[in-house]
Amino acid sequence: MYRSTIAGIGFYVPENVYTNSDLTRFMETSDEWIRERTGIQERRFADRYGETTTTMAIKAAEAALERAGTTAQDIDFIIFATLTPDYYFPGCGVLLQREMGMREIGALDVRNQCSGFVYALSVADQFIKTGMYKNILVVGSEKHSFAMDFATRSRNVSVIFGDGAGAAVLQPTEEPGKGILSTHLHSDGADAELLAMYYPGAHANKWLSDAKPFPEQELGGLFLTAEQLESGAALPYMDGPAVFKKAVVKFPEVIKEALAANGLSEKDIDMLIPHQANLRISQYVQKLLGLSDSQVFNNIQKYGNTTAASIPIALSEAWESGKIKSGDLICLAAFGSGFTWASALIRW
Ligand code: UT7
């Protein structure tokens, strides 16, 4: 049986840099608060009308394809992870297929938020291992700046997230010991509403504690109402402390699960690339696992939390800066909305 290998990886971040101080123009916050609580110093925001989740993904994909020595025409399957799609439907996968002039291949959209890229990588891995596909493009891309609220009421969310994209080309390899060794995926929907965007949605307030009476009409009109827009229910909601508490348990758990499944231990990790949720979460996880600074890669300081894009951006940047070498053991780990969490262990 083949293993999958990451044959090429690339990333793109928009040119517009917004520092923490820049955000104080829109809301009551401070550079000090954001740095202390999150480690973030600045983030990139896409050009408001010129760039979309798909256009950023294309730039990351082009870099990944070039490094893999392949072309868009060679791609057999697309997996696109995002929580900020260009359209509510169809997903960004088909837009990428169209804009990159790809063949009429399958395009799968993944909605697992911060864990989206690792989930997507796991799906791609299965298709490669079975021999079904030989070149899979896996993408994580986000344009948070378009959907977020930059008023003080949403400051706990809007200071954290940034825009960007990362992509990887997966191919089969027969080289012994090389490639994706394992992936582990988990979910627990008990707290699904703690990190969520409720509208547009078909839940009709069923799961929300502040459920409002339905409009009088018999059918329709509940997916997105003017009232929901006005009340802020169509904005991302996050109970930050609750997410933080769960994240610092599930990150180490899923990393240890990956190591145990491969008969390895923490000291074998050459580079842990955690989803860039919050520098304090990454540092806490590093401490719990007893990892040195050189074993963990963080770049949230420059880009904020880019959700599904954060792992491929960090992986690309670590690789570009020579921090990942052939034969290294790389661990990817993610946790986020759902809750969902996941890990992948890769022999580079
Ligand atoms: O990638 C997806 C997964 N998401 C995460 O992993 C996020 C996990 N959670 C976190 O990273 C942290 O909980 C946050 C960074 C979101 C918040 O940090 P915190 O230390 O948990 O702060 P908090 O929410 O408990 O808020 C503390 C105070 C509050 O004021 P009071 O009630 O103590 O007066 C907030 O209103 O900080 C206030 N606050 C702010 N102040 C200045 C919240 N956001 C801001 C802000 N600037 N941007």
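**Close-up views of a predicted model**

View 1. The ligand is surrounded by 22 residues, where a residue counts as near if one of its heavy atoms lies within 4 Å of the molecule, and the closest are Thr29, Arg37, His275, Asn278 and Asn305. Sorted by class, the shell holds 11 nonpolar, seven polar and four charged residues; Ala, Val, Leu, Ile, Met, Phe, Trp, Tyr, Cys and Pro count as nonpolar, Asp, Glu, Lys and Arg as charged, and the others, Gly among them, as polar. Residues are numbered from 1 along each chain as its sequence is written, and side-chain values use heavy atoms, with hydrogens and water left out. Local features need pLDDT of at least 70 and side-chain atom pairs count only at pLDDT 80 or more, whereas totals for chains, interfaces and linings use all residues.

View 2. A polar side-chain atom of Asn305 is 2.6 Å from an oxygen atom of the ligand, and an N or O atom in the side chain of Trp33 lies 3.2 Å from a ligand oxygen atom. At Gly240 a polar backbone atom takes part, 3.0 Å from a nitrogen atom of the ligand. The ligand taken alone exposes 960 Å², of which the protein buries 72%, with accessible areas from the Shrake-Rupley method and a 1.4 Å probe.

**View 3. A cluster of aromatic rings.** Tyr18, Phe26, Phe45 and Phe150 form one aromatic cluster, in which rings of Phe, Tyr and Trp (its six-membered ring) pair if their centres lie within 6.5 Å. By this rule the count comes to 12 aromatic pairs.

View 4. Most residues other than glycine have a negative phi, and most peptide bonds are trans. The peptide bond from Phe89 to Pro90, however, is cis, with omega near -5°, and Pro90 lies in the loop between β4 (77-81) and α4 (92-99); helices (H or I, at least four residues) and strands (E, at least two) are DSSP runs, numbered from the N terminus. Another cis peptide bond joins Gly338 and Phe339, with omega about -15°, and Phe339 sits in the loop between β12 (329-336) and β13 (340-347). Gln113, although not a glycine, has a positive phi of about 50°.

Conventions
A polar contact is a pair of N or O atoms within 3.5 Å; within protein, one must be able to donate a hydrogen and the other to accept it, and residues adjacent in sequence count only if both atoms are side-chain atoms. Rings of Phe, Tyr and Trp (its six-membered ring) pair if their centres lie within 6.5 Å; planes under 30 degrees apart count as stacked, over 60 as edge-to-face and the rest as tilted.
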